[in-house]
Amino acid sequence: MEGAQTLLSNAGQLLSSEYQQLSGVGGQVVELRDELDAINALLIMQSEAEDGAVDRFLHVCMRQLGEVAYDAEDCIDLYTLRIRSRPTDGVRAWLGRLLGTLPSRRRLACEIRALRARTLAISERQARFGVNRDALRRSPPLLPAPMTVSAPANDADRRHRLVGIAEQADKLAARLKALVGDEGERKAVFSIVGFGGLGKTTLAMEVCRRLEAEFPWQGMVSVSQAFEPSRDLKVLLTNLLRQVVKPERADDRGIKEEAALGAIDDLDDNGLAKRLEELLVDKRYLIVIDDVWSVRAWEPIQSKLPENNKSSRIILTTRIETVANACSPASFSGLCIHKMEPLKLEDSKKLFVSRVFGSMDVAYPKEFEDVMSDILKKCGGLPMAIISIASVLVGYKSPGGKDKWDRVCKSLGSQMEIHPTLEGMKHIVTLSYNHLPHELKGCMMYFSIFPEDYVIRKHRLLSRWMAEGLVHQKRGLTMWEVAESYLDELLSRNMIEEAGHFGGYAWREQTYRVHDMLLEVMVSKSLEANFLSLHGGQYKGMLYDKIRRLSIHADVESVDSVAKRNVEGRRVKDNLNIQHVRSLSMFQLHGQDKLLKTLCNFVLLRVLDLEDCEGVTNKHVRYACNLYLLRFLSLRATNISKVPRQIENLEHLQTLDLADTLLTELPETITKLEKLEYIFISNKDDYWETCWTMPRGINKMKVLHLLRRVSLGNDSKVAQEVGELEELEELDLSIDINKAIDEEVLKELALSISKMHSLRWLSIGRHGSSNNGGKILNFLHDLPTPPRLLQTLWITGDIANGLPSWIGSLTHLVSFTTLDTTLTGDELFGVLCMLPNLKTLCLFWDCYSGDELAACTSHKFPVLRDLILGGYLPKVIRFEEESMEMLEMLHCDMTERSIVGIEHLTNLKKVKLDCQGDYHALVVDTVLEQMKAENDRRSRSNQFQIAVKYW
């Protein structure tokens, strides 16, 4: 004890002279937070100021303040990382940390004083030059009006989009149908040329639609500015193949037969071209090659498109006339090149009125007439500009909104009156960005991180927004709900667009992308504000001061260049200082890993996204585990096979994405990540049979919202702890039947599931190859109360006495899937048939036993839209009169199966049939004849589409 007292006494003497300077570091951090709030308020004022109100000098001052704000955040993060005491520290630990961080405290105190001095200097500079904050003030802002996400396009929506383009579509379609000069039946290339935003892609798609009868075999692929033939040609040909096997129109029998594609993933460029030639050898095809930027990109594509002497056509869109002249036959350039024209004033007005008021024929207040004419004049007939401005004004169309229209018109400037160049287009598109609420501007600029034409999954995008601090809390909403509201607002303002779904029936995730022109604007703004630093591709060689967010669109050489310059920066002051990087994203990374070896230097990193990077290894995961401030870590679709115990260091981590890797387990230390909200883990080589067995202590992860591909071992304690995850919304839980599971474990699991009041998505099943699993899911009958808010439910595995009766009480259930349940009689449809919101029903692999699966008259299914049948099911599928009356889509795997009673499905819109090669071809032919006969019996307006896919 005496030695300890001496140590404390000496420590007190040591600290006495430092105390005045160091004890206030925590207080200075608080003052720095206050300073940061004030700076952010000024930056918001600048963001919301009228266009032209902020002169160049004040703009520079605001940028300097922005850099101070970034540095202030870095200081606070460093305080959190190196100095702040932990809540679990005892007296000795506290004293040890205090002694060990003396140099860091001194340095941090100096840095905080320097930051405050920089702020004062900027303020004094403004005063010295006579600048005040009045320039940042403006009249009441254009607040975002309540809007809803647009409904799926219908005929009226299509007519609105084609205003001014329909006539051009007629002319171009006629040219495509006609023979081209002396070329006779040879393929011909038609070019549509014009700068971004004029509607080249829209025109090409409309021409394809009009020519479906003449050209039933169609495909459309995008090239983009970053296209590299050696790297991207295979992907382009693969995408093209997957489209042209699906005819756009039915044949003379009224049937759409999809050609057998075969195994193409292992083919090289030449193999894919040969397969394309085989598929189209006797077919007249129409292919669109969208957004070609160079002849170098076009030539290797053109060489792979087959010549079959069937008068096939290729439509190419480009912004560059020299590319169009080179790609279309020189002797017929006048016929084969279509130059896009700006909309006439009359058509511009129709498009504008239809977008703002909902219909081009609607009566609108006459007070808008003059200002509307001024706006349309400045838009210069550019469809994208018109749509962008209309999106801003759609919430201000009632009488009295004219002053808002005047303000928007005045902010447009005069560029479009002088010359409708690409820069003028950027200016017009920028207006939509300028009128976004401040909190959405950072979210919109965030899209500039991703490459051109990149499709972004919803969860990836929103999780990154939250990790970067771009999503702000709102009373009564979770952070995820706020992020979703941001996304919905960007969609409603036409700033981004939906790009289809990712995944299959199990997990269908919406994806998004940004129009090329908008992306260019966002990149310009991001670079100007030092919001982002880009490397690789067209950004190779660009120099930056302090890098905050680093996005690498690169091959190996570009990545190595970044790494090399970073190493050189240790010896001399370099423009690539990675110590301030808070977000690192890599795309198309192959080969060497020089930059990844420096991960330990990214001390302030919050987001590390290495999805699809083939060069990532287990050692890089170890490096990442030392990045204490990480909030988002994605190693999805890499080849990592182990996560070290040091993952516990990432105590701020919110999202951990390890899907499609080689992982089979996670260390038990994962349970120490008490801020973790989302865990994705799956094995790319054995998706269905490999699950992570949850360890004890899982209940410490209180804020978990999502758990996928997890397994329950024979541990009743773990089964009990799962029920303590009160915020869990998605659970994919599997029971390993290769291991003996006690009844007590299953009883605890039933109790836990009944406690999950926030659960929206549940998959419960079993995995393993043992035949001793029995009806292991019988415990589901014993749930005291089901999760009442469930929207999606999967059940996989044998279960006695039919489906649990409580399923019939799930009034919010929208989708139900079952497989391997071996149900009989009325055990399947009897429980589900009266659910008020069930829209999708998927029945797979031995879910039902017997010779016939019948939907009886009593099986109403009041809102069921989609019925998917696959795998080993009864040979006869029968629909009785008045059953499933609202069914629109029937998707059936044809394995010696017949469909009876199709005439009773009076609302049917589409029938999709899957056939595995020639084995079941005879069965398919029989069913096709049956479907054709039923279609002939129906009135034209009530006929359904028939599609066949051969595996």
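Q: Where does Asp612 lie?
A: In this predicted model, Asp612 sits in the loop between strand E13 (607-609) and helix H26 (618-624).

Q: What is the phi of Asp612?
A: Asp612 is not a glycine, yet its phi is positive, at about 70°. For context, most residues other than glycine have a negative phi.

Q: Is Asp612 buried, exposed or partly exposed?
A: Asp612 has a relative accessible area of 42%.

Q: What share of the residues is buried?
A: Of the 951 residues in the chain, 52% are buried.

Q: How much accessible surface does the chain have?
A: The accessible surface comes to about 42,300 Å², and carbon and sulfur atoms account for 49% of that area.

Q: What about contacts between residues at least 6 apart in sequence?
A: Among those contacts, 66% join residues that are at least 24 apart in sequence.

Q: Now helix packing. What describes two packed helices?
A: The description uses the angle between their axes and the distance between the axes.

Q: Then what are the angle and distance for H10 and H11?
A: The axes of helix H10 (residues 229-244) and helix H11 (residues 269-279) cross at roughly 20° and come within 9 Å. That angle makes H10 roughly parallel to H11, since angles under 35 degrees count as such.

Q: Is the crossing left-handed or right-handed?
A: H10 passes H11 in a left-handed crossing.

Q: Which residues meet there?
A: From H10, the contact involves Leu233, Lys234, Leu237, Thr238, Leu240, Leu241 and Val244. Their counterparts in H11 are Asp269, Leu272, Ala273, Arg275, Leu276 and Leu279. By class, the residues of this contact of H10 with H11 comprise nine nonpolar, one polar and three charged.

Q: How do H21 and H23 pack?
A: Helix H21 (residues 438-445) and helix H23 (residues 479-492) have axes 10 Å apart, at an angle of about 80°. H21 and H23 are therefore roughly perpendicular to each other, as angles of 65 to 115 degrees count that way.

Q: Which residues make that contact?
A: H21 contributes Glu439, Leu440, Cys443 and Met444, while H23 contributes Tyr486, Glu489 and Leu490. The contact of H21 with H23 divides into five nonpolar, no polar and two charged residues.

Q: Which residues are buried in H12, and what covers them?
A: In helix H12 (residues 295-302), the buried residues include Ala297, Trp298, Pro300 and Ile301. Their cover includes H10, helix H13 (321-327) and the strands E1 (188-193), E4 (285-292) and E5 (313-318).

Q: Last one: where is Ala109, and is it buried or exposed?
A: Ala109 belongs to helix H6 (residues 102-128). Ala109 counts as buried because its relative accessibility is 0%.

Q: How far is Ala109 from Cys75?
A: Their C-alpha atoms are separated by 9.6 Å, and the two residues are 34 residues apart along the chain.

Notes: Residues numbered from 1 in each chain as written. Predicted model: local features only at pLDDT ≥ 70, side-chain atom pairs only at ≥ 80, totals over all residues. Heavy atoms only, no water. Buried < 20%, exposed > 50% of the residue type's maximum accessible area, 1.4 Å probe, protein only. Contact = heavy atoms within 4.5 Å. Areas by Shrake-Rupley, 256 points an atom, 1.4 Å probe, with all protein chains shown as cover. Axes fitted to C-alpha atoms, helices over the stretch in contact; angles between N-to-C directions. Helix = DSSP H or I, 4+ residues; strand = E, 2+ residues; numbered from the N terminus. Parallel < 35°, antiparallel > 145°, perpendicular 65-115°, else oblique. Left-handed = near helix turned anticlockwise from the far one by under 90°. Nonpolar A, V, L, I, M, F, W, Y, C, P; charged D, E, K, R; others polar.
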